[in-house]
Amino acid sequence: MYTCSEKRMEDKIKTFSQFGDAGHGGITRYALSPEDIQARNEFIRRMEAIGAEIKTDDMACMYATLKGSEPDLPGIVMASHCDSVKNGGNYDGILGVMGAMEVLETVAAEKIPHKHNLTAMIWTNEEGSLYPPSMMASGVLCYDYLPENIRYKFKQEDMLNSKSILDANHTFGEALDACGFKGPKENRLNPKDYKAMFELHIEQGPILEAAGNDIGVVTCVLGMLCYRIKTYGQADHAGTTPMKYRHDAFYAAAKILQYLHDELDKLDPELVYTTGEIVLHPNVHTVIPDYVDFSIDARHEDPKVIEQVVKVIENMPKEIVGCRVEYEPAWTRDTVYYDKELVGYVEESVKELGYSYQRINSGAGHDAQFCAYMIPTTMIFVPSKDGHSHCEPEFTSTKQCTQGASVLLNAVLKCDAK
Ligand SMILES: [Zn+2]
């Protein structure tokens, strides 16, 4: 059993936190931005220093490989992303990259024998903060293996045409051509050359911390659905229309939202659901709204519970406070289970290292969930302080980050031994 170096991990955290440092404890590091390129160059520098071979693919995903004693066997990859959301934290994504680097550095420093090639990988543009959608490169690389209702959103030519949210004259394809990391398509992660993928990540929720556990052994990514709920009223003057004559679409939406909360709270307590997006027309303070469209996103491991959510939506009142109510599915995703054997290696490793742990599912999307359709994949979570992520207070201690890397290392070595 081996452990990683807290000192080396601390140095990586400090260094990578500079690339895109927003000056108040977090980073803004969009995919293929100058800050992302700094992080990638640092990745190359550190990986070349231990003798790893660097490759990139046509989506600018990066691969640093330490050759095994039987280099023709399919390799083992550890991957995450180094881009962030706007004003994000120093751990989401980059921890998985730093953890992968730390594993290779430990293998090199301690001359740990391994048969398979071991690769630290960076997925390009996981967040999709500048060039939507999120999980772009994993969507493209895993395209042929994704379910039809997901993959149509990840056609490579559409991705190349994705416009920058800051400047509609610039596309992801242009940024890709200019970034200096675009390589050949044949370098892509693929099921012929790789036998397993591990992703270390912060939990991004409060469960591990609340339970006092060091490690989350991730078993699945929750199934989810997203529906759009629409209410239709009548626009009228806000000053001249008595209340009893109104057909206020926003009031109707509020009633419906209350109805959904009341009904969904009767279902399984592990169900989570959110209305995070709303379109209000005409969105003027002098006009009674005539149209509202809001999202409802619901997640649960058990497809039966997701079905119950659909039933609740289908049974909503068709009319309320004089307004018509309609709904439409935006999209759904089945629960993605991680590879049982790999989950087992993670669990055995945690036990051997003597860390406290629990099995946990992932409510957030990760590149690993697309990868799981293509090659055996699993994830390891470490706690997020106060459950915060996608924000500057995001924090995981160096000790916890290093414990995550140690679990990754031992799980990878178990996988190597097979
Ligand atoms: Zn992430």
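The protein chain falls into domain 1 (6-221 + 336-417) and domain 2 (223-333). These bounds come from an automatic or database domain assignment. The model is predicted: local features need pLDDT of at least 70, side-chain atom pairs count only at pLDDT 80 or more, and totals for chains, interfaces and linings use all residues. Residues are numbered from 1 along each chain as its sequence is written.

Take the domains first. Their centres, taken over C-alpha atoms, are 36 Å apart. Five residues of domain 1 are in contact with five residues of domain 2. Contact here means that two C-beta atoms, placed from the backbone, lie within 7 Å.

Now to the strand. S2 covers residues 62-66. Strands (E, at least two residues) and helices (H or I, at least four) are DSSP runs, numbered from the N terminus. Five of the five residues of S2 are buried, so the strand is largely enclosed by the rest of the structure. A residue is buried if 20 or more other C-beta atoms lie within 10 Å of its own, exposed if 12 or fewer, and partly exposed in between; the C-beta atoms are placed from the backbone. Met62, Ala64 and Leu66 point one way. Tyr63 and Thr65 point the other way. Both sets are buried.

Next, the partners of S2. Strands pair if DSSP finds at least two bridges between them. Strand S1 (residues 53-56) is joined to S2 by four bridges, and the two run antiparallel. Thr56 stands opposite Met62 in S2. S2 also pairs with strand S4 (residues 118-123), through five bridges, again antiparallel. There, Ala64 has Ala120 of S4 as its bridge partner.

What joins S1 to S2? The two form a hairpin with five residues between the strands. Ala60 is found in that loop. Ala60 has a positive phi of about 65° although it is not a glycine. Ala60 is also buried, because 25 other C-beta atoms lie within 10 Å.

Leave S2 by the other end. The loop between S2 and strand S3 (75-81) holds Gly68. Gly68 is partly exposed, with 18 other C-beta atoms within 10 Å. Not counting residues up to four places away in sequence, Gly68 touches Leu73, His114, Lys115, His116, Asn117 and Leu118. Leu200 is 132 residues from Gly68 along the chain, and their C-alpha atoms are separated by 22 Å.

Now turn to S4 and what follows. Met121 touches Cys61, Met62, Tyr63, Val77, Met78, Ala79, Ala100 and Leu189, not counting residues up to four places away in sequence. Met62 and Tyr63 are the residues already met on opposite sides of S2. The loop between S4 and helix H4 (136-141) contains Pro133. A cis peptide bond joins Pro132 and Pro133, with omega about 0°.

Met121 leads on to the nonpolar core. A nonpolar core is a set of buried Ala, Val, Leu, Ile, Met, Phe, Trp, Tyr and Cys residues joined through C-beta atoms within 7 Å. The largest has 114 residues, of which Cys61, Leu104, Met121, Leu408 and Val412 touch the most other members. This core draws at least three residues from each of domain 1 and domain 2. In soluble globular proteins, nonpolar side chains tend to be buried together.

Helix H13 (residues 398-417) deserves a look too. Of its 20 residues, 16 are buried, so H13 is largely enclosed by the rest of the structure. In the loop between strand S15 (377-382) and H13 sits His390. His390 has a positive phi of about 55° although it is not a glycine. With 17 C-beta neighbours inside 10 Å, His390 counts as partly exposed.

Come back to S2 to finish. S2 is largely enclosed, as five of its five residues are buried. Antiparallel bridges join S2 to S1 and to S4.
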